[in-house]
Amino acid sequence: MSAESVDPAWAGEIPDDSLFYQCGQEVLAGLHESLINEPLSLMLTDADGLVLNRFSGDPSLLRALDRVYLAPGFAFSERQAGTNGLGLALADKVPTLVRAEEHYSASLRTYTCAAVPVVDPVTGSIEGSVNITTWSKTSPGLLLALAQSAATNTSTLMSSRSSRRVRPAKPQGGVFRVQRPRLEPAAGTMRAMSAPWTSALEEATDALARGDVVAAIGEPGSGRATLLGQAFRQAHPASRILCASVPAPDMVEEWLALWTPELCKPDTAIIIENADFLPAWAAQDFAGQVRNFLGATTLAPIGTSPAAPVLRWAFTAENLDNVPPELTRAVARVIPVPALRERPADVMPLARYAARQTRLRDLDFTPAAERALTSHDWPGNVDELVHAIHAAALITETIDTRHLPPGLIGPTARRLTRIETFERDEIARLLSRPGSSVAQAATDLGISRATIYRRLAKLGIDPRS
């Protein structure tokens with residue numbers, strides 16, 4: 001997740017047959033008519049932050065919102081877009097006002113957003129939210145009250161029509177993310193990475209610079225798509241990158257329909273994630289679209305003529321043997337991406353980067369935390385590491401073992417009682433003080449040195465920090 005701009009997820013077809021959508025659409029349409037001359041955008045989202053519709057009479061505001069992809073079909077949950085009004089309202093289940101500078105991503109700081117959750121009057125569950133967005137320079141005034149009124153009216157209308165309820169459609173997962181040209185926030189991090197990673201990155205960059213189709217092969221979560229994204233930005237800095245996840249089986253046709261308009265856009269680079277899960281017929285359709293676009297008779301890298309269309313693509317997979325042959329026959333370079341456990345030197349650079357992305361500044365790690373992080377085998381690879389650090393960085397300025405998931409600090413940590421967890425945290429706090437020692441911590445706790453050493457062993461605390 002970038003602090004400079006949002007990399008949104010496009011979530012496919014918008015479910016529009018639920019009672020919530022129908023009632024919310026009616027309420028916002030009526031409100032829009034009375035506010036048509038105001039610089040406001042009215043939106044309805046589902047419970048996962050997917051924008052379902054949008055109303056505004058301000059063309060300049062609509063164009064600006066399009067540039068940050070705050071539009072129907074894109075998901076803006078807090079997990080996907082950082083701090084934003086609708087994301088916080090859904091996460092905290094309370095009315096929320098997020099002003100310009102309070103947004104996580106700089107690209108959203110042009111706006112002020114008010115969002116209020118909409119509660120299902122029958123089940124009491126959160127169905128979604130009403131979000132009202134305006135320019136940051138505009139006084140928010142009654143923005144939150146207006147959103148609250150629209151949310152209440154939606155819930156009331158749902159209650160009056162509950163006897164004719166239509167079962168809500170299941171939300172769709174993300175299909176593609178857009179990565180626009182920007183300064184690369186991880187440049188310093190990448191320079192500190194291990195030789196296996198930098199070697200793979202250089203190889204991928206060289207291949208993409210020549211126009212080759214590249215396959216990044218490795219375990220899920222190991223950073224395959226990240227490596228390709230970095231390589232594309234180094235080889236072709238002006239490219240607009242689409243990271244396209246293979247969709248659910250019932251979304252494949254919609255997924256394929258995306259490519260007709262997207263392939264025509266200038267300087268497009270495509271990363272197909274998990275291509276080994278793409279059906280063979282869909283791979284054949286995609287290959288045909290690329291051939292038609294390039295005017296070629298076979299699926300191959302772009303030509304060298306200055307007049308040739310500019311289209312670059314690559315894909316990730318766990319095993320190349322499982323990728324449809326319509327894609328593999330175009331591959332000029334296969335780049336193995338090693339799992340994180342095979343490159344432990346990358347753990348701390350990635351952990352520091354993840355912490356910086358969460359808090360927008362550098363955070364400290366205690367020696368004990370560094371030992372716990374570098375000694376873990378990371379079965380979930382980089383994804384698991386980033387998730388753990390993000391959660392820790394939200395609650396502390398100095399990340400210690402007590403802020404990390406229990407499974408990282410010893411085999412007994414998962415079985416600690418609530419009292420033992422409190423005791424572990426208190427001992428770790430005393431040991432982390434400047435000039436602290438085990439003896440001093442024992443004195444402060446009123447126990448003997450022998451007792452505290454037994455507690456350290458039982459609670460999985462390393463006293464060497």
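**Entry 1: Thr205**

I started with Thr205, which counts as buried because its relative accessibility is 11%, under the 20% cut-off. I note that the model is predicted. I placed Thr205 in helix 7. Its side chain reaches back to the backbone oxygen of Leu201, at 2.8 Å. I then looked up the contacts of Thr205, setting aside neighbours within four places in sequence. I found Ala231, Gln234 and Ala235.

**Entry 2: helix 7**

Helix 7 covers residues 195–209, 15 residues in total. I read 21 Å from its first C-alpha to its last, close to the 21 Å expected. Which residues of helix 7 are buried? I listed Trp197, Ala200, Leu201, Ala204, Thr205, Ala207 and Leu208. Seen down the helix axis, these buried residues fall within an arc of 165°, so they line one face of helix 7. On the face turned away from the buried side I found Ala195 and Glu202, both exposed. After helix 7 comes Gly211, with a positive phi near 90°.

**Entry 3: the core**

Next I checked the largest nonpolar core, which has 42 residues. Leu227 is one of the residues that touch the most other members, and Phe365 and Ile389 are also among them. Elements giving two or more residues to this core include helix 7, helix 8 (224–235) and strand 9 (213–217).

Not counting residues up to four places away in sequence, Leu227 touches Trp197, Ala200, Leu201, Ala204, Ile335 and Val337. Another core, of 27 residues, lies apart from the largest one. I noted Val213, Ile272, Leu278 and Phe315 among its members.

Methods
Residues are numbered from 1 along each chain as its sequence is written. This is a predicted model: local features need pLDDT of at least 70, side-chain atom pairs count only at pLDDT 80 or more; totals for chains, interfaces and linings use all residues. Side-chain values use heavy atoms; hydrogens and water are left out. Helices (H or I, at least four residues) and strands (E, at least two) are DSSP runs, numbered from the N terminus. The expected span of a helix is 1.5 Å times one less than its number of residues. Buried means under 20% relative accessible area, exposed over 50%, partly exposed in between (1.4 Å probe, protein chains only). The arc is that of the directions from the helix axis to the C-beta atoms. A polar contact is a pair of N or O atoms within 3.5 Å; within protein, one must be able to donate a hydrogen and the other to accept it, and residues adjacent in sequence count only if both atoms are side-chain atoms. Contact means heavy atoms within 4.5 Å. A nonpolar core is a set of buried Ala, Val, Leu, Ile, Met, Phe, Trp, Tyr and Cys residues joined through side-chain atoms within 4.5 Å.
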